Every structure is written in C-alpha cells, then in structure tokens.
Amino acid sequence: MESKLFFPPEWYPQSAVQLTWPHAETDWQPILDEVIPCFVSIAKEVLKRELLLIVCRDEQEVRNQLGEVDYSRIIFREMETNDTWARDHGGISVWDEGVPAVYNFVFNGWGMKFPANYDNLITRKLFLTGTFAEEVVPVNMQPLVMEGGSLETDGKGTLLSTTECLGSLNRNEYLQQEQLEYHLKEIFGLKRILWLTSGYLAGDDTDSHIDTLARFCSEDTIAYVQCTDPEDEHYEELKVMEEELQGFTQEDGTPYKLVPLPMADVVEWEGERLPATYANFLIINGAVLLPFYNSPKDEEAKAALQAVFPDREIIGINCLPLIKQHGSLHCVTMQYPEGFVLIDN
C-alpha cells in the first residue's frame with residue numbers, strides 16, 4: 001500500500017530557499033567581512049531561479065550587504081538568531097494525504113554542543129509571521145530532535161542516513177535505533193532506511209551528517225566522498241563507507257549508480273583541519289550550487305556533478321570562509337517545495 005505521506009527529494013520543484021543571515025552576535029563575528037560575500041553569492045544565485053527567504057536580525061543591514069538585487073523576490077523575516085545553519089534549524093517539508101505540512105523538530109545545537117535557544121524557535125516564528133502559504137500546516141514534532149542535514153530522501157520511500165548522528169545519545173537518548181527507525185518511517189512515510197555506519201570528516205561538529213558524506217542525486221544515483229590517499233586520516237573510514245554504499249540496492253534489488261566526488265584538499269584554520277566536502281551541494285530549480293575551496297579539485301567535482309545533472313547548471317560558490325565554522329553550502333540553506341512559500345504573504 002502506498003504511503004499517505006510524501007517526503008520530497010531535493011530535486012523536487014521548489015518555491016524558495018531559506019538563508020539565516022550572519023550578524024555580529026554569531027560565531028561569525030571575527031570573520032564577518034569574509035563570510036558575508038559567500039551568503040550574498042548564494043542569495044544571488046537562488047534569486048535567479050526562485051524566491052529567497054532571509055531570516056535576519058536586521059533587514060536593513062542585510063539590504064546594505066546585498067546591494068542591487070530583485071527585492072520583490074525576497075521575503076525578510078526579522079528575529080533573533082544564534083547562528084546561520086538553516087539546514088538544521090529549518091522546517092522539514094512533507095505532504096500528508098496531499099496536504100502540505102512543515103515539521104518543526106527540536107534543534108538542540110547538534111547534541112547540545114552550542115546554544116540554540118533562538119534558532120529552535122525560528123520555524124515556529126515563520127508560521128506566526130505568515131511566511132508559508134495559507135494551506136501549509138505546522139506540525140510540532142517535539143520532543144524529537146532532528147536536523148535536516150541528517151536526512152537524505154529519494155522521494156520514493158527510502159531514507160539514507162548515518163547511525164553516528166541519529167543514534168547520538170545527546171539527541172534522542174530515550175530511543176533505541178529500532179524505535180527511532182519506527183518513528184522515522186511513521187513520520188516520513190518510509191519503506192526502508194539505509195544506514196551508513198562508517199564515514200566522518202575531521203572538524204565536523206554534526207556527528208557525521210549524511211549531507212557531508214553521501215547524497216541522493218536521483219532515485220537511482222548516489223554521489224559520495226571518496227578518499228584515495230592511504231596517507232589521509234579519512235582513508236580507512238571512507239573506504240568502509242564506500243563498501244557499504246556498494247552493498248546498498250534500490251527497492252527492486254538493483255545496485256545504485258555511485259558517483260565518487262573527490263576528497264577536498266586539506267583546509268586548515270587556527271591549526272585545525274576543517275570538514276571541507278563537495279558532497280555539501282544544494283540542488284535548486286535548474287541548477288546545483290557546489291562549494292568550491294580554491295583547489296584544482298573544484299573543477300573535478302563540478303565535472304562529476306555535471307554528468308549526473310546534465311540539465312542543470314553547476315555553479316561553484318567560494319565556501320572557504322564558510323568552512324571556518326565547520327559547515328558548508330548545503331548546511332546554511334533549506335529549500336521549500338513548490339507552493340509552500342508565496343511572495344505576497
């Protein structure tokens with residue numbers, strides 16, 4: 001029996017992308033002048049193709065930073081924020097028997113590592129300020145802790161995730177994996193969950209979010225980070241992850257088409273290796289925004305994704321400033337499907 005729930009994949013037509021804008025009271029304060037151009041670049045590419053929802057502390061400040069853009073396609077929502085990682089504090093979109101809904105899970109700063117008191121309220125405040133279309137239903141998912149970066153869906157009932165993140169004791173400590181799997185299937189209308197038990201990136205604060213390691217590009221294709229250097233600290237773990245992916249099959253038993261992405265060159269800041277990854281791309285209407293790290297491997301990753309997305313433009317965004325706070329392009333964005341966000345709200 002087909003599920004009444006539809007959890008759309010990222011390539012599903014979109015109405016808007018959310019950015020939660022950095023300001024001087026966030027961890028970006030020391031490098032605010034570096035990171036703002038990255039957000040501006042993402043914003044301008046999104047605006048060419050769909051609406052942009054900007055959550056910010058000061059609308060006028062953001063307007064000054066954006067400069068000349070089509071403001072008729074931007075929805076500003078002013079509110080207090082702790083940080084900028086919209087992928088993880090943003091709402092998760094589904095359809096329940098054809099009714100559009102946005103799930104509002106608890107966001108607890110990646111297992112209570114960082115303050116999240118303001119960010120945890122953002123999705124609720126977006127509903128209170130009339131951001132979503134009238135027919136979109138808010139669904140309170142408390143006390144479940146869930147982050148968008150930990151969930152990869154093919155839109156056909158399969159979820160790809162990691163045991164390291166969703167099994168974290170500081171997120172849903174009262175749930176065993178079997179119970180968590182039951183809840184995930186009920187909430188998202190899933191038939192099955194593919195669990196990766198290996199794979200990590202040095203400097204990652206998220207406990208191995210799937211969107212840093214492996215991504216659905218279509219129902220039958222998964223792009224993933226491949227490490228070919230035996231001297232790299234990630235080699236053994238990512239080799240095991242690759243073998244796990246090779247063992248996964250589609251629902252009908254057919255193996256997935258696996259597309260290796262290069263392991264990003266080492267990026268360090270203040271003596272620490274940062275979790276640079278090409279898997280942290282964002283699929284939007286007609287394009288894929290791909291993090292670049294000022295490396296020859298940027299073009300390698302771009303070519304690999306262009307082969308996977310022949311009908312979409314692959315656009316590189318300099319994310320070297322972004323990675324200094326241990327996240328990348330996909331981490332600072334959250335997409336909403338067609339019809340969820342309307343500009344005249």
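Trainee: Is Cys227 buried or exposed?
Mentor: Cys227 is buried, with a relative accessible area of 7%. Keep in mind that this is a predicted model.

Trainee: Okay, and how many disulfides are there?
Mentor: The count comes to zero disulfides. Cys227 is in none: the nearest cysteine sulfur belongs to Cys331 and is 19 Å away. For a disulfide, the two sulfur atoms have to be within 2.5 Å.

Trainee: Switching topic: what volume does the largest pocket have?
Mentor: About 300 Å³.

Trainee: And which residues lie nearest its centre?
Mentor: Gly155, Lys156, Gly157, Lys191 and Glu251 do, out of 18 residues that line the largest pocket. The lining divides into seven charged, six polar and five nonpolar residues.

Trainee: Last one, helix H1. How far apart are its end C-alpha atoms?
Mentor: They're 22 Å apart. H1 has 16 residues, 32-47, and at 1.5 Å a residue it should span 22 Å, so the two values agree.

Trainee: Which residues of H1 are buried?
Mentor: Among them are Leu32, Val35, Ile36, Cys38, Phe39 and Val40. Further along, the buried residues of H1 include Ile42, Ala43, Glu45, Val46 and Leu47.

Technical notes: Residues numbered from 1 in each chain as written. Predicted model: local features only at pLDDT ≥ 70, side-chain atom pairs only at ≥ 80, totals over all residues. Heavy atoms only, no water. Helix = DSSP H or I, 4+ residues; strand = E, 2+ residues; numbered from the N terminus. Expected span 1.5 Å × (residues − 1). Buried < 20%, exposed > 50% of the residue type's maximum accessible area, 1.4 Å probe, protein only. 1 Å grid on protein atoms, 1.4 Å probe; cavity = no way out; pocket = protein on both sides within 12 Å on 5 of 7 lines; lining within 4 Å. Points joined across faces, edges and corners; volume = space filled by probe spheres on them. Nonpolar A, V, L, I, M, F, W, Y, C, P; charged D, E, K, R; others polar.
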